[in-house]
Amino acid sequence: MTSSVRARLDNLRRQYAPHEHRPLDGYAAMMGAFGILAGTLGVAAKVTGRPVPERPAVADIVLISIATHKLSRLIAKDSITSPLRAPFTRYAEPGGSGEVNEEVRDQGSSIRHSLGELVSCPFCLAVWIATGLTSGLVFAPKLTRLAATVFTATAASDFLQMAYSAAKEAAGDA
């Protein structure tokens, strides 16, 4: 059974991207892992009787959105978090403002490749981060809001730092 599924995935991958390595089985595994995570969180909320808001508060949506942006960039691009990505990526060049650009390691398993794409892409990570933070509002709302406030304030600070640098440069004080 497993070999026939793998053979079908290999055939599909060759048809999908005949001239490029696209680890569809790794992507399928990542989608499966996300589905299991989301399902487990939903079941846990039901089993524990945690109230799930029918409509999240606008303030929570804004807080979680900005925190998701910052946390996904922090994990995917920050120099300091590069040891977390190193097993799956390879340093390419500085990315500016404390960030780095990395390349996904192609050798090894398709899971490793898929994880490399996930942990080095803030857009890819965002749905995982948002799911975690949103679930946090159900299971530990005070702590989640506190942590999200830290990342939201850091994101605001980043934008202010960039605006300050741009203003200095425009004034000729670079």
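**Exercise 1. How many salt bridges does the structure hold?** Describe three of them.

*Solution.* Begin with the ground rules. This is a predicted model, in which local features need pLDDT of at least 70 and side-chain atom pairs count only at pLDDT 80 or more, while totals for chains, interfaces and linings use all residues. Residues are numbered from 1 along each chain as its sequence is written, and side-chain values use heavy atoms, with hydrogens and water left out.

Step 1. Apply the criterion: a salt bridge is a side-chain nitrogen of Lys or Arg within 4 Å of a carboxyl oxygen of Asp or Glu. The structure holds five salt bridges.

Step 2. Take Asp60 and Arg145, whose closest N and O atoms are 2.8 Å apart. Helices here are DSSP runs of H or I with at least four residues, strands are runs of E with at least two, and both are numbered from the N terminus.

Step 3. Take Asp158 and Lys70, with closest N and O atoms 2.4 Å apart. Because Asp158 lies in helix α7 and Lys70 in helix α3, the pair ties together parts that are 88 residues apart in sequence.

Step 4. Take Arg85 and Glu102, where the closest N and O atoms are 2.5 Å apart. Arg85 lies in helix α4 (residues 82-85) and Glu102 in strand β2, so the pair ties together parts that are 17 residues apart in sequence.

**Exercise 2.** Classify the residues of these salt bridges by accessibility.

*Solution.* Step 1. Set the classes: buried means under 20% relative accessible area, exposed over 50%, and partly exposed in between (1.4 Å probe, protein chains only).

Step 1. Asp60 is buried at 13%, whereas Arg145 is partly exposed at 33%.

Step 2. Asp158 has 26% and counts as partly exposed; Lys70 has 11% and counts as buried.

Step 3. Arg85, at 0%, is buried, and Glu102, at 17%, is buried.

**Exercise 3.** Find the aromatic pairing and describe its geometry.

*Solution.* Step 1. Rings of Phe, Tyr and Trp (its six-membered ring) pair if their centres lie within 6.5 Å; planes under 30 degrees apart count as stacked, over 60 as edge-to-face and the rest as tilted.

Step 1. A search of the whole structure finds one aromatic pair. Phe34 and Trp128 form this pair, with 5.1 Å from centre to centre and 70° between the planes, which is edge-to-face.

Step 2. Phe34 lies in helix α2 (residues 24-48) and Trp128 in helix α6, so the pair ties together parts that are 94 residues apart in sequence.

**Exercise 4.** Describe how strands β1 and β2 are joined.

*Solution.* Step 1. Two strands pair if DSSP finds at least two bridges between them. Strand β1 (residues 89-96) and strand β2 (residues 99-104) run antiparallel and are joined by six bridges.

Step 1. Glu93 has Asn101 in β2 as its bridge partner.

Step 2. The two strands form a hairpin with two residues between them, and Ser97 in the turn has a positive phi of about 50°.
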